[in-house]
Amino acid sequence: MTQAVWDAWVEIATESAAKLGIAQGDVVRVSSPHGTLELPAYVSPTLHPQAVAIPIGHRYAAYHVPRYVAVSPGGANPMALLGPAAEPTSGGVAFLSVRVTLAKTGTRRPLTILQATHDQHQRELAQHVDLRAAREQALRGKHGEEAHVSMYPEKTYPGYRWGLAIDVDACIGCQACAVACQAENNVPVVGKAQAAYGRQLHWLRIERWAEGKADHPTNLFVPMLCQHCEIAPCEPVCPVFAAYRTEEGLNAQVYNRCVGTRYCGNNCPYHVRRFNWFQHEFPAPLEVQLNPDVTVRQLGVMEKCTMCVQRIIAGKDHARDEKRPVKDGDILTACQQTCPTRAITFGNLKDDTSTVATLAHSPRGYYSLEELGTRPSVTYLKKVVREHA
Amino acid sequence: MMSQSPPTTPTFADVNRDVLRTLGPPGNLYFAWMCVVALVLAWGILAWTGQIWWGMGMAGKRVPQQWAMYITTFVFWIGIGHAGTLISAILYLFRARWRTSIYRAAEAMTIFAVLTAGLFPLIHAGRMWFAYFLLPYPNQRDLWPNFRSPLVWDVFAISTYLTISTVFFIVGLIPDIAAVRDASTGWRRRIYAMLALGWEGSDSQWRHYRRAYGLFAALATPLVLSVHSVVSWDFAMALVPGWHSTLFAPFFVDGAIFSGFAMVLVLVLPMRHFFKLHAYIQEKHLDAMGKLILVTGLVLTYFYLSEIFTTLYSGDEFDKASLFWKVTKSYAWALWLMYFCNCISPLILFWKKARTSPVVLYVVSILVLIGMWFERFNIIVPSLGHAFYPWAWGIYVPTLTDTSIVIGSFAWFFLLFLGFIKVLPSLSIVEVKETLPPPLKDRPHASHH
């Protein structure tokens, strides 16, 4: 997972790139016996030195989106590099491998990469645990949770308390959840230039963090979304109560009330509050795919993950019709519903028998930037890795 | 810059004549400056209009620098607005005689600076047309603003400050306006007569005037300390490494006075030169202001060192990373520029020769203003750019819109000030006279009637 958006790229291993004098963003001519392609280089520390990789499905020459980004010179359909012959054993298109040569063209086309750095700087955003330690923990359970010391009374929740558990061990970084969130919540597409400047509006993003040796690190994927903190830094700073806490533990954002001071965004340590820098349109036919249960936002307001509050309301209504409380599985968030590895679990944290509560108390559980005392409603589960010799 | 040798002691008549002369018909230079300032202001207004129309994205803000040049300039102008009240209230209460010839200009500067600063929360808001949500007005939704938010504290602090300093300014002006009224004719006389509120200079009027002035000085004094403390809490109350510090309130107040005095000099030195006020704004006045800049500059240097020390001593990795990034990476030039302007350049004022030289004072003041603008920039932009979450680390690049609006704010301020010096006496006739020996019986009584 590269975090590069809008443009296709050719992924080259760090060693090969160093040998050929290729830096990230240098346009490289990739030639196979069947054709050539010019693409900006993405230098990857994890790829095999003898391999290069090109994603399929990125901005075909004949199918670009001129509204958001100018057509790239030459197009980027990797099928051009592949021969027409079928693969002998399966009979399918031989689209996985072909021998290519690389040559620098001397021009540059910087890639738009959403993540500033893949180095965690020891901040433990993505955590892992050795297999043996994980086993031990699973047997013995976690150490007793530290008591929270405060001058203020504990928050109480009269009804439900919604929360998420996200298993970093299960996350494969496919980003289907990010797309699902975008579709479910009418999140606009901002275009290449704005995305390059940190103005994309994703409510949910996947981060890739490198861990271990610098040359061939282990990659950890972290889905990052509003943590719905119990002690949310964004709430007290909002001058107009646009950011406030609901009785069910959601950190809500009232778009109609938002003045756009962006104080909440500054004070959010996770940078999950996204601001509408412009009025984003949904030009025809995109307006047809808007979710009628979710409002579209005006320029100048802050927006962020709601834990799919529209689905929560629908789920509660459904349960009320059946005269019972909401039970596990009644409500699925869009990201949870879409996740192919079931890394995301939504549910009621107050109910000790719910899956999410069980996971939240798992020995592998941790909070992102726990030392800030924000007490998130999102629990991450550490990735289990093999022991490093 | 000295044009003539100052008369040893001006008489009361000289004071009236010299001050009223400043209100005479302006020359070409004045109109040229007015044109420049008005054009720059118009350009800034155009930029703001574009920003309202197309969205906040016209400015260079991004995640994570969701605050940038607007808040920088907001805090800068609030800071400028501090020297005026300090001079007029605190120095009045301490009976510092040297304030008499500069306090009027400094008070006007304060009001105009606060009026300029007050624009920025509006300019900065994503939906400025709803900025009134921050006011506690009665509404059918029964919604108050969030009194826990430092931005709401700002609303109260700044509106209080603007109110008190305006009232203080107007009260202090009454006897002077009466003097202008007596010297003018026609429609001007009618307007000044209205503004003079029937001032006749009777004993009871003077007694009330003195009492009111003293009371307002006492009221305004705590505001000198409180307003910028409240503004500093915009940052100190937040979590962001580089903001979250208990040092900020005194640190900001000192910086405000420092920059405010620099701005007073930037305004008063040309006034002295062009209006030939050397007899009133004497070297001893420049000397006193030079000393104040030096002292506040040294205190500021101490705060800078404490800030670095507490960061290193605390062992907070986030804070340390933020500091290291500021000192060495993308915005290091801004930080070192700030250290040079605010810590090194005022040191020249240790020499009395420098303190009494208008040229040296002017250069140092300009450097201090640059340094103080960058101080706020360095607090806001690099801190946000290197906070807790490395995913978003990065730099902010200003656009034409940001830059035009910020420069336009300077034009707005100077437009107001240029207007002021031709409409109201920019030197206090009353207080300057108080410092002079009273006229003797055998000399003509030149005081206003």
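Asp330(A) is partly exposed in this predicted model. Its relative accessibility is 24%. Asp330(A) has a charged partner, Lys327(A), and their side chains meet in a salt bridge at 3.7 Å, N to O. Lys327(A) is partly exposed too, with a relative accessible area of 48%. The pair belongs to a network of salt bridges that links Glu322(A), Arg324(A), Lys327(A) and Asp330(A).

**Salt bridges**

Over all chains, the count comes to 27 salt bridges. Side chains of opposite charge can pair when their charged atoms come close. Three of these pairs are set out here.

| Pair | N to O distance | Relative accessibility |
|---|---|---|
| Lys327(A) and Asp330(A) | 3.7 Å | Lys327(A) 48%, Asp330(A) 24% |
| Glu434(B) and Arg210(B) | 2.1 Å | Glu434(B) 38%, Arg210(B) 25% |
| Glu317(B) and Lys320(B) | 3.8 Å | Glu317(B) 55%, Lys320(B) 28% |

What do Glu434(B) and Arg210(B) tie together? Glu434(B) lies in helix H16 (residues 429-435) of chain B, and Arg210(B) lies in helix H8 (residues 203-236) of chain B, so their bridge joins parts that are 224 residues apart in sequence. Glu434(B) is partly exposed. Arg210(B) is also partly exposed.

Glu317(B) and Lys320(B) pair within one helix, H11 (residues 317-328) of chain B. They sit three residues apart, about one turn of the helix. Glu317(B) counts as exposed, while Lys320(B) counts as partly exposed.

**Where chain A meets chain B**

In the contact between the chains, 56 residues of chain A touch 56 residues of chain B. The two chains bury about 4,500 Å² between them. Of that area, 59% is on carbon and sulfur atoms.

How many salt bridges cross the interface of chain A and chain B? The rule finds zero. Polar contacts do cross it: 33 residue pairs, both at pLDDT 80 or more. H6(A) gives the most, with four residues. The residues on this side of chain A divide into 27 nonpolar, 18 polar and eleven charged.

**A covered strand**

Is strand E18 (residues 378-381) of chain A covered or open on its faces? Both faces are covered. Val378(A) and Tyr380(A) are buried on one side, and Thr379(A) and Leu381(A) are buried on the other. In a regular strand the side chains alternate between the two faces of the sheet.

E18(A) pairs with strand E9 (residues 162-167) of chain A, running parallel and joined by four bridges. There, Ala165(A) stands opposite Thr379(A). E18(A) also pairs with strand E17 (residues 365-366) of chain A, this time in the antiparallel sense over two bridges. In that pairing Gly365(A) stands opposite Leu381(A).

**A five-strand sheet**

Chain A also holds an open sheet of five strands, in the order E5-E2-E4-E3-E6, with mixed pairing. Strand E5 (52-53) and strand E6 (101-108) of chain A stand at the edges. Each has a single partner strand, so one side of each is left without a neighbour in the sheet. E6(A) pairs with strand E3 (residues 26-32) of chain A in the antiparallel sense, over five bridges. Arg29(A) stands opposite Ala103(A) of E6(A).

Conventions: Residues are numbered from 1 along each chain as its sequence is written. Chains are lettered from A and ligands numbered from 1 in the order in which they are written. This is a predicted model: local features need pLDDT of at least 70, side-chain atom pairs count only at pLDDT 80 or more; totals for chains, interfaces and linings use all residues. Side-chain values use heavy atoms; hydrogens and water are left out. Buried means under 20% relative accessible area, exposed over 50%, partly exposed in between (1.4 Å probe, protein chains only). Two strands pair if DSSP finds at least two bridges between them. Contact means heavy atoms within 4.5 Å. Buried area is the accessible area (1.4 Å probe) that two parts lose on being put together, summed over both. A salt bridge is a side-chain nitrogen of Lys or Arg within 4 Å of a carboxyl oxygen of Asp or Glu. A polar contact is a pair of N or O atoms within 3.5 Å; within protein, one must be able to donate a hydrogen and the other to accept it, and residues adjacent in sequence count only if both atoms are side-chain atoms. Ala, Val, Leu, Ile, Met, Phe, Trp, Tyr, Cys and Pro count as nonpolar, Asp, Glu, Lys and Arg as charged, and the others, Gly among them, as polar.
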